Amino acid sequence: MFILMGEKNTGKILNDGVFYCPVCECQQHYQHIQQRNMFTLFFIPLLPLPISREYLECAHCHNSFHPQVVDERNLYPTWHYAALRLMLEFLPTGKLATDKQQAIWEKLGGTMPDASEIRAAQQTRQDDRQDVLHYLQNICSGLNPAGELKILDAVLLFAKACYGEPLPHPVQVLCNQIASTLELEPGIAQQRLLTLNYE
Ligand SMILES: [Zn+2]
């Protein structure tokens, strides 16, 4: 006899309401979602595992936001901050013209950060001294699947723009590590690399 064990993702709506969605730029309905992994035995969820994520999801644009967005005016969806941090990871090694950066942010469906936001992000990055994978692990709790994919796309687009194709091996390895830190399926980085283009 064999035993089939696994994990299953379950989402629970903690509450809902109306908030000012910074992406839609108007009042929208949101759901406050808590996601946790359940330990399963023969596909039956038995025990909740400790890793859980919490975020607000806009019912219209489906971006996820840190729950604080309701009381503090937090301008961007969670993925935006991560994409900016990743842009900073890639830029010191390759020069990237402003129009290319602009094209990438447009492709992601976001707004290119201005100079003061970039300076602030550089400072935060210097202060926290975490490597990029630890950083992503920590912010994962504020992301929904669409946000995770956006971050991976940002990584791939910045990497492509800075290094050209094929990506150097260490960069490929980093992209795969980022995908697995975001708990995305194996092989997804290669798949998306084939179809993604910012030009
Ligand atoms: Zn929205």
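Visitor: Is arginine 129 buried or exposed?

Guide: A residue counts as buried if 20 or more other C-beta atoms, placed from the backbone, lie within 10 Å of its own, as exposed if 12 or fewer do, and as partly exposed in between. Arginine 129 has 8 other C-beta atoms within 10 Å, so this residue is exposed.

Visitor: What pLDDT do local features need in this model?

Guide: The pLDDT is the predictor's confidence in each residue, from 0 to 100. Residues are numbered from 1 along each chain as its sequence is written. This is a predicted model in which totals for chains, interfaces and linings use all residues, side-chain atom pairs count only at pLDDT 80 or more, and local features need a pLDDT of at least 70.

Visitor: Which element of the protein chain has the lowest mean pLDDT?

Guide: The mean over the protein chain is 84, and 93% of its residues reach 70 or more. Elements are DSSP runs numbered from the N terminus: helices (H or I, at least four residues) and strands (E, at least two). Helix H6 (residues 169-181) has the highest mean, 93, whereas the lowest, 78, belongs to E3.

Visitor: In what order do the elements run from the N terminus on?

Guide: The protein chain has seven helices and four strands. From the N terminus on, their order is β-β-β-β-α-α-α-α-α-α-α.

Visitor: Which two elements flank the loop that holds histidine 62?

Guide: Histidine 62 is not a glycine, yet its phi is positive, near 65°. With 13 other C-beta atoms within 10 Å, histidine 62 is partly exposed. Its loop lies between E3 and E4.

Visitor: What is the omega of the cis peptide bond between glutamate 165 and proline 166?

Guide: Proline 166 is placed in the loop between H5 and H6. The cis bond joins this proline to glutamate 165, with an omega of about -5°.

Visitor: Which residues does leucine 46 touch, not counting residues up to four places away in sequence?

Guide: Leucine 46 lies in strand E3. It is exposed, with 11 other C-beta atoms within 10 Å. Contact requires that two C-beta atoms, placed from the backbone, lie within 7 Å. Beyond four places in sequence, leucine 46 touches Met38, Phe39, Thr40 and Leu41.

Visitor: Which element gives the largest share of the side of domain 1 that touches domain 2?

Guide: The bounds, from an automatic or database domain assignment, are 5-70 for domain 1 and 78-195 for domain 2. The contact takes nine residues from domain 1 and eight residues from domain 2. Strand E3 (44-58) and strand E4 (64-65) each give two or more residues to the domain 1 side. The largest share, four residues, comes from E3.

Visitor: What distance separates the centres of domain 1 and domain 2?

Guide: The C-alpha atoms of the protein chain fill a box of roughly 55 × 45 × 35 Å along the principal axes. Taken over C-alpha atoms, the separation of the two domain centres is 23 Å.
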